[in-house]
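Keep the sequence and the structure in view while reading.

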Amino acid sequence: MNLDKIACYCQNVTYGMIKEAVDAGASTLEEVQEATGASTVCGSCMEDVERLVAHFVSERDSN
């Protein structure tokens, strides 16, 4: 996975920034939104951000 890829263009949030938020303790879309601002402007990336949060939480919790 390319962690430099932009997940949210409105806030310029990358996959890596979402991963960092999850690694720092965020476990829900709302917590990642608060930490990064992702999907808080137009909302068009919300499904992708939710999918990334679920992926990174699963990855974090399996380690």
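Aspartate 61 is exposed, because its relative accessible area is 52%. In these terms, buried means under 20% relative accessible area, exposed means over 50%, and partly exposed lies in between (1.4 Å probe, protein chains only). This is a predicted model, in which local features need pLDDT of at least 70, side-chain atom pairs count only at pLDDT 80 or more, and totals for chains, interfaces and linings use all residues. Residues are numbered from 1 along each chain as its sequence is written, and side-chain values use heavy atoms, with hydrogens and water left out.

- Aspartate 61 is placed in helix H3; helices (H or I, at least four residues) and strands (E, at least two) are DSSP runs, numbered from the N terminus.
- Aspartate 61 and aspartate 23 are 38 residues apart along the chain, and their C-alpha atoms are separated by 9.7 Å.
- A salt bridge joins aspartate 61 to arginine 60, with 3.1 Å between the closest N and O atoms.
- The term salt bridge means a side-chain nitrogen of Lys or Arg within 4 Å of a carboxyl oxygen of Asp or Glu.
- Arginine 60 is partly exposed, since its relative accessible area is 25%.

**The other salt bridges**

- By this rule, the count of salt bridges is three.
- Aspartate 23 and lysine 19 form a salt bridge in which the closest N and O atoms are 2.8 Å apart.
- Both aspartate 23 and lysine 19 belong to helix H1 (residues 15-23), where they are four residues apart, about one turn of the helix.
- Aspartate 23 is partly exposed at a relative accessible area of 46%, and lysine 19 is partly exposed at 23% relative accessibility.
- Arginine 51 and aspartate 48 also meet through their side chains in a salt bridge, at 3.7 Å from N to O.
- This pair, arginine 51 and aspartate 48, lies in helix H3, three residues apart, about one turn of the helix.
- Arginine 51 has a relative accessible area of 44% and is therefore partly exposed; aspartate 48, with 39%, is partly exposed.

**The negative patch**

- Which residues gather in a patch of negative charge on the surface? They are Glu30, Glu31, Glu34, Glu47 and Glu50.
- Patches are made of residues with over 30% relative accessible area and no salt bridge; like charges are joined within 9 Å, and nonpolar side chains (Val, Leu, Ile, Met, Phe, Trp, Tyr) within 5 Å.
- Lys and Arg count as positive and Asp and Glu as negative, while His and the chain ends are not counted.
- Helix H2 (29-36) and helix H3 (46-61) each supply at least two residues of the negative patch, and H2 gives the largest share, three residues.
- Glutamate 47 is part of helix H3 and counts as exposed because its relative accessibility is 66%.
- Glutamate 31 is in helix H2, and at 37% relative accessibility glutamate 31 counts as partly exposed.
- Glutamate 31 and valine 53 are 22 residues apart along the chain, with 9.7 Å between their C-alpha atoms.

**The two sides of helix H2**

- Leu29, Val32, Gln33 and Thr36 are the buried residues named here in H2.
- These residues cover an arc of only 105° around the axis, so they are on the same side of H2; the arc is that of the directions from the helix axis to the C-beta atoms.
- Glu30, Glu34 and Ala35 are exposed on the other side of H2.

**Another pair across the chain**

- Glutamate 59 lies in helix H3 and is partly exposed, with 31% relative accessibility.
- The C-alpha atoms of glutamate 59 and lysine 19 are separated by 9.8 Å, and the two residues are 40 residues apart along the chain.

**Positive phi angles**

- Most residues other than glycine have a negative phi.
- Asparagine 12 is not a glycine, yet has a positive phi of about 55°.
- Asparagine 12 is in the loop between strand S1 (6-8) and strand S2 (13-14).
- Serine 39, also a residue other than glycine, has a positive phi near 60°.
- Serine 39 is located in the loop between H2 and H3.
- Is serine 39 buried or exposed? Serine 39 counts as buried because its relative accessibility is 5%.

Key: Accessible areas come from the Shrake-Rupley method with a 1.4 Å probe; for residues, only the protein chains shown count as cover. The place of a charge is taken as NZ of Lys, CZ of Arg, CG of Asp or CD of Glu.
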